[in-house]
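Subject: Structure handover

Hello,

Here is the structure I promised to pass on. Please look it over first, then read my notes below.

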Amino acid sequence: MEYNTARTGLVMKEYGRHIQKMVDYLLTIEDKETRQQQAGVLIELMGFLNPHLKNVEDFRHKLWDHLYYMSDFKLEVESPYPIPTRENYKVKPEPLPYPKRYPKKRHLGKNIEVVVEKALSEENEEKKQGLANAIAYYMKLSYNNWHKEAVSDQVLQTELDALSQGHLTFNNAPYIRKELEDFKPSFGPVSTGARRNYTPRSNNNNNRGNNMNRNNNNNNNRNNNGRNNSNRNSNSGYKKRY
């Protein structure tokens, strides 16, 4: 019996012991064509045993790199991709510079500042006013989505002045108010200006009470009809007997 303590360590444990033995066997094949053919078969087997690699971009390139790595870069076969070496296999790429953006109004985000700059650079006064109105509408929408209380137009204009240094002024306050009253969010917190279509409980209770009264009246009518029928039968029997 062969114990794990007597075996060589696995270079890549996710492929298992059998794949490692096949890689070691490839190193012992002297015929170049046979070794190349068996390497292709082994690549197909590695892809079959690890189907999750198919979701990775250039997964076959990754399989060939793993094959060379498991052979300690001693396998001499032709690869459709650049052959890795021991020096550049584990070289880490340079970290990407993370954009550092510090918005003035964090509750509105950084993109709103980009739109404000676009509006300030606009030469057409009509388009500039339209951008100011769109910015105010977005600010109102953000406040109503993430706050439980409504925001006044004066507060919006103060925020817009802080972002544009007082160069932008919106003039569509009635339009913003009307649109937000009709707005019904499909997700997220419910806005304070949104309307809900519902039936008041008082109306439901009144309807239930009316239905109960109707049922009681019907029952009373049935009881009265039964009494009248019984009186008629008794009177008719009295006349026949005497």
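The largest nonpolar core has 18 residues, and Tyr15, Met46 and Leu67 touch the most other members. A nonpolar core here is a set of buried Ala, Val, Leu, Ile, Met, Phe, Trp, Tyr and Cys residues joined through side-chain atoms within 4.5 Å. Buried means under 20% relative accessible area, exposed means over 50%, and partly exposed lies in between (1.4 Å probe, protein chains only). Helices α1 (16-28), α2 (32-49) and α3 each give two or more residues to this core. The most come from α3, with 5 residues. Tyr15 touches Met46, Asn50, Leu53, Leu63, His66 and Met70, not counting residues up to four places away in sequence. Contact means heavy atoms within 4.5 Å.

A word on the source. This is a predicted model, where local features need pLDDT of at least 70, side-chain atom pairs count only at pLDDT 80 or more, and totals for chains, interfaces and linings use all residues. Residues are numbered from 1 along each chain as its sequence is written, and side-chain values use heavy atoms, with hydrogens and water left out.

Now the chain as a whole. It has 8 helices and 0 strands. Helices (H or I, at least four residues) and strands (E, at least two) are DSSP runs, numbered from the N terminus. Of the 242 residues in the chain, 25% are buried. Among contacts with a separation of 6 or more, 47% join residues 24 or more positions apart. The accessible surface comes to about 18,800 Å², and carbon and sulfur atoms hold 49% of that. Those areas come from the Shrake-Rupley method with a 1.4 Å probe; for residues, only the protein chains shown count as cover.

Next, the aromatic rings. Rings of Phe, Tyr and Trp (its six-membered ring) pair if their centres lie within 6.5 Å; planes under 30 degrees apart are stacked, over 60 edge-to-face, and the rest tilted. The count by this rule is 2 aromatic pairs. Trp64 and Tyr68 form a tilted pair, 6.5 Å centre to centre with 35° between the planes. These two sit 4 residues apart in helix α3 (residues 59-70), so about one helical turn separates them. Both Trp64 and Tyr68 are buried. Tyr69 and Phe73 have ring centres 6.1 Å apart and planes at 70°, so their pair is edge-to-face. Phe73 counts as partly exposed because its relative accessibility is 21%.

The loop between α3 and α4 (111-120) holds Ser71. Ser71 is buried, at a relative accessible area of 3%. A polar atom of the Ser71 side chain lies 2.9 Å from the backbone oxygen of Tyr68. Beyond its neighbours within four places in sequence, Ser71 is in contact with Val23 and Leu27. Asp72 lies in the loop between α3 and α4 too. Its relative accessible area is 32%, so Asp72 is partly exposed. Phi of Asp72 is near 60°, a positive value in a residue other than glycine. Most residues other than glycine have a negative phi.

Which residue caps the N-terminal end of α5? Asn124 does, with a side-chain oxygen 3.1 Å from the backbone nitrogen of Glu126. Helix α5 has 22 residues and reaches 32 Å from its first C-alpha to its last, close to the 32 Å expected at 1.5 Å a residue. The expected span is 1.5 Å times one less than the number of residues. Buried residues of α5 include Ala132, Ile135 and Met139.

Last, α6. Ser164 is found in this helix (residues 153-164). Ser164 is buried, with a relative accessible area of 0%. A polar atom of its side chain lies 3.4 Å from the backbone nitrogen of Leu168. Leaving aside neighbours within four places in sequence, Ser164 is in contact with Val116 and Leu120. Gln165 sits in the loop between α6 and α7 (173-182). Phi of Gln165 is near 55°, again a positive value in a residue other than glycine.

Best wishes

Definitions and conventions. Polar contact = N/O pair within 3.5 Å; in protein donor to acceptor, adjacent residues only side chain to side chain.
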